[in-house]
2 protein chains.
Amino acid sequence: MPVEIITSLQNPRLKRLVRLRDRRPRDEERAFLVEGYREVRRALDRKVPLDEVYFSPEWFLGENERALLAEAEAAGARLFELSKDAFSKVAYRERPDGLLAVAPQWRTALADLALPAEPFLLVIEAIEKPGNLGTILRSADAAGVNAVIVCDPVTDLFNPNVVRASTGVLFSVPCVVDESAVVLAWLRGRGIRTVATTPAAQALYSDADLRGPLAIVMGSEQYGLSDFWLKGADLPVRIPMAGQADSLNVAMATLITLFEAVRQRGRA
Amino acid sequence: MPVEIITSLQNPRLKRLVRLRDRRPRDEERAFLVEGYREVRRALDRKVPLDEVYFSPEWFLGENERALLAEAEAAGARLFELSKDAFSKVAYRERPDGLLAVAPQWRTALADLALPAEPFLLVIEAIEKPGNLGTILRSADAAGVNAVIVCDPVTDLFNPNVVRASTGVLFSVPCVVDESAVVLAWLRGRGIRTVATTPAAQALYSDADLRGPLAIVMGSEQYGLSDFWLKGADLPVRIPMAGQADSLNVAMATLITLFEAVRQRGRA
């Protein structure tokens, strides 16, 4: 298929790419942006369907971009070549590398999850910062959780900075988005124990039994866990902290708790 | 003392502030930048002497800046008021809040450290990214290490982005900078066991005994630990990783290892 070439900064496709940085158009179109060689590479590796790939050779940093584009096209993506200026307009990164794809969003429902007999889940509530959300997804991936369940999201999973901060984990770890009430009822119905991390807890996270069917529940940066989860969770636990009060952020607390669970579960 | 007002963008003091973003002038002058209300607040709280504080009321975001300035002046800082444009020139943050201080650097030597009978230390080698270095300092603070020892630094501790990412921990956790050979000899001389984290190790970090006199040793983002430390450390350990290979970065691996040590030491 011949590659369409875009040089006009007024081209409606470019305007759409800029719009997709914002959540509402992203939600309405059910599409999202994947920018950068590494991210596009991982999307292809994980069989994420790419509708369109925009590229601008003048921004390329490496030598494998052409092969990547051929692979994307073979997998069904439509290619568009942009002038250097046109790409500047659509790139949201500070240092673009000449590759930007659009992919359809997906939705995974709780009922879609294929879980083992003793699921290991991470529930996160109302995380605000895309960087934290991305880091939490990486932690979940490294810990081998079966799924991440995102309750009442403030920042959506398909935010360009989440895509980036997750280093492609978004494409591989099953993520479900749903309301807290629905999620807690579902967890209870399946006999999955909920352990909620909060500075107000008495029990240490490392004294809790984190084996068996488990969901670790983490709250937002600013407010911590909502009353709903604090009251609804089976066991509140805390992480002991020396030093100043805000040294551990939510992404760090999540990582610590997940790897304590990994440690205990490895000994099961 | 009357406050000097600076409006000329050619003022040599402004040029110096811009120069201090770079390492060489920072090292030569043995001074560094502390930008932002929170950081200046914490510097004052920790009795860090501030030589100069530059402020620009047009950039202020809150209502306590004047009180902070009075406190800084009482503690010996010289104040300079900048026009909005002048402050724009010297601010390195994307969203300045009208406060920027200059403080003298300090050097802590290994011999200066006042350590308990069973020290808990973190040794980091050649970390490159200021964000990682800052996060590692926060982790060390939260874990309550007695000191962080920085070997062969690529990024200096007084980099403005380290100051920022550390959220002020740089002002409170004792940090020593020295060569790897000196540090290893010192650790051995004091009978402090070195546990080095590397993906190539056989033993799991959580199977290692992390009680007693301990130094956890972490390598750089790109190269991991040098041969010097891999061969010199008493025990290499690894963190088990599910998912994709790069989900855990060095800051995350450090956090996991530090908190496993906290867990074990709490049970000692």
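I began with a pairing: strand β9 (residues 193-197) of chain A runs parallel to β10(A), joined over 4 bridges. For my own use, strands pair if DSSP finds at least two bridges between them, and helices (H or I, at least four residues) and strands (E, at least two) are DSSP runs numbered from the N terminus. Residues are numbered from 1 along each chain as its sequence is written, and chains are lettered from A and ligands numbered from 1 in the order written. This is a predicted model, where local features need pLDDT of at least 70, side-chain atom pairs count only at pLDDT 80 or more, and totals for chains, interfaces and linings use all residues.

**Confidence**

I checked pLDDT, the predictor's confidence in each residue from 0 to 100. Chain A averages 95, and 99% of the residues score at least 70. For the complex, I noted an ipTM of 0.93 and a pTM of 0.94.

**Around β10(A)**

Next I looked at burial (buried: 20 or more other C-beta atoms within 10 Å of a residue's own; exposed: 12 or fewer; partly exposed in between; C-beta atoms placed from the backbone). Because 5 of the 5 residues of β10 (residues 214-218) of chain A are buried, the strand is largely enclosed by the rest of the structure. Leu214(A), Ile216(A) and Met218(A) point one way, Ala215(A) and Val217(A) the other. I reminded myself that side chains in a regular strand alternate between the two faces of the sheet.

**An open sheet in chain A**

I traced 5 strands in the order β1-β4-β3-β5-β2 (chain A), forming an open sheet with mixed pairing. Its edge strands are β1 (4-6) and β2 (31-35) of chain A, each pairing on one side only. Inside this order, β3 (residues 52-55) and β4 (residues 78-82) of chain A pair in the parallel sense over 4 bridges, with Glu52(A) opposite Arg78(A).

**Where the chains meet**

How many residues of chain B are in contact with chain A? I read 26, against 26 residues of chain A, where contact means C-beta atoms, placed from the backbone, within 7 Å. On the chain B side, α6 (130-143) and α10 (250-266) each supply at least two residues, and α10(B) gives the most, with 7 residues.

Definitions and conventions
Two residues are in contact if their C-beta atoms, placed from the backbone, lie within 7 Å.
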